[in-house]
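Student: Please take one part of this model, the surroundings of the ligand, and go through it closely. I would like the helix that contributes there and the packing behind it in one connected account.

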Amino acid sequence: MTYAISGECCSDASCVAVCPMNSIHPSPGEPGFGTGASLFIDPRTCIDCGACADICPVDAAKPADESAPADVARNAEYFAASEPLDALDLDSWRPPTYELWGGGPRRVLVVGAGPAGLYATRELLLRTTAEVTLVDRFDGVGGLVRYGVAPDHPQTKQILSSFERIVRHERVRWRPRTEAAGFEGYDAVVHAVGAYHSRRLGFAGECTAAEFVAWYNGRPGASLPVELGGPRAVVVGNGNVALDIARLLLSDEDRLRSMSPAVRRTLAGSGIKEVVLLGRRGPENAAYTQSALQELMTVAGDRVELRYHARPTAWSADGLTLDTGETIAAGNLFTAIGFEGRPIDGLPFDPERGVVPNDRGAVVDRPGHYVAGWIKRGARGGIGVNKACAQETVQTLVSRSRGAVSPGSGSPRCS
Ligand SMILES: Cc1cc2nc3c(=O)[nH]c(=O)nc-3n(C[C@H](O)[C@H](O)[C@H](O)COP(=O)(O)OP(=O)(O)OC[C@H]3O[C@@H](n4cnc5c(N)ncnc54)[C@H](O)[C@@H]3O)c2cc1C
C-alpha cells in the first residue's frame, strides 16, 4: 500500500522534508510549487512509512485505501509522464554545495549507519566537500530499518537498497563491524548511534521489544530469551512496536515468509492464539497510528483484546497481575514501553531523556562533536523524520566550521 495526498493539501511542504524517499512533489523550488495545486506522492517510490501523514497539518496525506479513488488517481497521474526519481541518488541531484575551506572540517567521522547516520552522510556529500568515514558495529547499513522494521513490511525495507548506494560513494569510507575507537584525525564527528535500549517493567521472564524484534529480524548475536508458549500472550505497550509484536505473534506462516526459516517455524509453531494488548492510559493517549491498528485488526482482529488503564504489578507462571488484583492468564509477557539511548564515552548525557544534550545537533560543550537521529532527539519518529533531523545537524556543523562557507557571500554557493 502507498499513500496519497488529497485536494485539502495546504502545500506547507513539511511532508517533503520528512519523506525518506523524496517521493513528494512538486517540492519547494520545483516548477508548480506554491501555485495553489496540492502536492502529490509518487506511488512508485512511496515505501508506506506514513511520515507524511504523521506530520501533515491538515490531514491530507492518507493511506491509499483510506483515500478517495480520485485522489489516488490524481497522485499517480502527476507522475505518469516522468521516470521515478532515485530518492538518494548522489549524482543527479545537485543542490547548493558548501565548499569547505581553511579550517573547515574535511574529514568527518559518522558513527552509526542507521537512517540518521546515512542521511547525515548524504547531506555531507551533497552540501560539503568533506570526506566521510562511516562506521557501524553491524554488517549491513540501515540500523533499525534492517533490524527493527517488521519483516512483513517489505515495502518499507526497500529503502535499504537506496541506503546502500550512499556507502558506495567515492567520498565515503564504509567500515562495517567497527566501533569508533578514537576520534584523532577527524575534523568533526557525527554520533548517530540510535537509542535502541528497551525500557523494562523489571519482571523476570519479561521479553523486551528490543530483544524480540532483534531476534525476529535476524540481527547478528540476537537470540530469543524466552520460550514461546500459548495460548495467550500479553503485550504491554501502546505504540506501533507493540502492535508489530502482536501482529507477528498472530500471523500465519505465509505472512512470515520473509523471515528466516528458524524464526518462522518458532513463531508459527508457538501455540500463541491470542494477544492481550495493555495500555497504561486510555485509547485517546495511545501512540500507535490508526493504520497500524487497522492492519493488526485485519490480520487478527478477533484474537486481539485491547485493554486500557492497566498497570502490571507482577509476572508469574499464572500470568500478569494488574494493580486491580486481576491476573491475566498468559504464557508470555512482551514489553514495548519505549526505548532510550545510552551514554557515549566522553560526551554529556541527559539520563531523563536518554539523549546527548545538544543545540541543533551540536553537542553541548564538546566542540567538533554532533549528534543526529534518536540519540539527538529521543526514541521517537519514523525513518523520514531522521532526514530533516540529520539535515539540521549538518547545517549546524557547516555553520560552526569556522570559515567553512565560501568567502564573500557567507551563503551557499551553487555548483
Ligand atoms: C521495532 C521498531 C520498528 C520500527 N518500524 C518503523 C517503520 O515501520 N517505519 C518507520 O518509519 N519507522 C520505524 N521505526 C523507527 C525508525 O527505525 C527510527 O526512526 C530510526 O531507525 C532511527 O534512526 P537512527 O539512525 O537514529 O537509529 P538506528 O536505526 O538505531 O541506527 C543506529 C545505528 O548505529 C549503530 N551503532 C550503535 N552504536 C554504535 C557504536 N558504538 N559504533 C558503531 N555503530 C553503532 C547501530 O548498529 C545502528 O546501525 C521503528 C523503530 C523500531 C524500534
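Tutor: A residue counts as near a molecule if its C-beta atom, placed from the backbone, lies within 6 Å of it. By that rule 35 residues surround the ligand, and the closest are Gly114, Gly143, Gly194, Gly373 and Gly382. This is a predicted model, in which local features need pLDDT of at least 70 and side-chain atom pairs count only at pLDDT 80 or more, while totals for chains, interfaces and linings use all residues. Residues are numbered from 1 along each chain as its sequence is written.

The shell around the ligand divides into 20 nonpolar, 12 polar and 3 charged residues. Here Ala, Val, Leu, Ile, Met, Phe, Trp, Tyr, Cys and Pro count as nonpolar, Asp, Glu, Lys and Arg as charged, and the others, Gly among them, as polar. Two helices, H4 and H5 (144-147), each supply at least two residues of this shell. The largest share, 3 residues, comes from H4. Helices (H or I, at least four residues) are DSSP runs, numbered from the N terminus, as are strands (E, at least two).

H4 covers residues 115-127; at 1.5 Å a residue its 13 residues should span 18 Å, and its end C-alpha atoms are 18 Å apart, which agrees. The expected span is 1.5 Å times one less than the number of residues. Among the buried residues of H4 are Pro115, Tyr119, Ala120, Arg122, Glu123 and Arg127.

Ala120 also belongs to the largest nonpolar core, which has 110 residues; Ala120 is listed with Cys15, Cys52, Val235, Ile245 and Ala246 as having the most contacts inside it. Such a core is a set of buried Ala, Val, Leu, Ile, Met, Phe, Trp, Tyr and Cys residues joined through C-beta atoms within 7 Å. Not counting residues up to four places away in sequence, Val235 touches Ala242, Ile245, Ala246, Val275, Leu277, Phe334 and Ala336; contact means C-beta atoms, placed from the backbone, within 7 Å. The peptide bond from Gly230 to Pro231 is cis, with omega near -5 degrees.

As for confidence, the protein averages a pLDDT (the predictor's confidence in each residue, from 0 to 100) of 90, and 92% of the residues score at least 70. Over residues 403-415 the pLDDT is below 50. Where pLDDT is low, the predicted coordinates should not be read in detail.

Note on methods: A residue is buried if 20 or more other C-beta atoms lie within 10 Å of its own, exposed if 12 or fewer, and partly exposed in between; C-beta atoms are placed from the backbone. Two residues are in contact if their C-beta atoms, placed from the backbone, lie within 7 Å.
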